[in-house]
Amino acid sequence: MNDCVFCLIVAGAAPATKVYEDDAVCAFLDIRPVTRGHTLVVPKAHADELEDLDPELGAKMFGVAHRLARAVRRGGLASDGANLVVNDGTAAFQTVGHVHVHVVPRKHGDKLTFAKGFLLRRPHDPKTTAAAIRAGLAELDGEGAQ
């Protein structure tokens, strides 16, 4: 195992509040969230940047990010939308050398609180936030969504 913090999280060797996991992808709450529910989707196989990522795995990651973006509209977070963001490389402000998709829940009229979130980046009760996201995923499952 390398010293990549996301690889350590995937392996269970570093703490994180996971909201989703399958054989290829893991999703967990950002420890410095911009908004409540800000989640990171990472491949379990290490890839520094998009250049290193298998395209099929990238598609799988985006599929999970898409599902999480739908889930945060349900299950207690009641977001009105989400930003899906990939910062590819340090020139694009990537701060952890492991490809990841940010799922950032948004609400109508949140421009000031969103900007404030970039400055403060403080956790929002991870336990209840993760439970709300998982409830949204369960609601999607109940709707027959994959």
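## Strand pairing

E21 has C26 in strand β2 as its bridge partner. Strands here are DSSP runs of E with at least two residues, and helices are runs of H or I with at least four residues, both numbered from the N terminus. Strand β1 covers residues 18-21 and strand β2 covers residues 25-29; the two pair in the antiparallel sense over three bridges, where pairing requires that DSSP finds at least two bridges between the strands. Three residues stand between β1 and β2, and the two strands form a hairpin.

## Basis of the model

This is a predicted model, in which local features need pLDDT of at least 70 and side-chain atom pairs count only at pLDDT 80 or more, while totals for chains, interfaces and linings use all residues. Residues are numbered from 1 along each chain as its sequence is written, and side-chain values use heavy atoms, with hydrogens and water left out.

## Salt bridges

The structure contains seven salt bridges, a salt bridge being a side-chain nitrogen of Lys or Arg within 4 Å of a carboxyl oxygen of Asp or Glu. One of them joins K18 to E21, with 3.6 Å between the closest N and O atoms. K18 is partly exposed at 23% relative accessibility, and E21 is likewise partly exposed, at 38%. The term buried denotes under 20% relative accessible area, exposed denotes over 50%, and partly exposed lies in between (1.4 Å probe, protein chains only).

A further salt bridge links the side chains of R74 and E139, at 4.0 Å from N to O. R74 lies in the loop between α2 (55-71) and β4 (81-85), whereas E139 belongs to helix α4 (residues 126-142), so this pair ties together parts that are 65 residues apart in sequence. The relative accessibility of E139 is 38%, and E139 therefore counts as partly exposed.

The side chains of D110 and R106 also form a salt bridge, with an N to O distance of 2.7 Å. Both D110 and R106 are buried.

## Cysteines

A disulfide is a pair of cysteine sulfur atoms within 2.5 Å, and by this rule the structure has zero disulfides. C4 is in no disulfide, as the nearest cysteine sulfur, that of C7, is 3.8 Å away. With a relative accessibility of 9%, C4 counts as buried.

C26, the bridge partner of E21, is in no disulfide either; its nearest cysteine sulfur is that of C7, 11 Å away. C26 is buried, with a relative accessible area of 0%.
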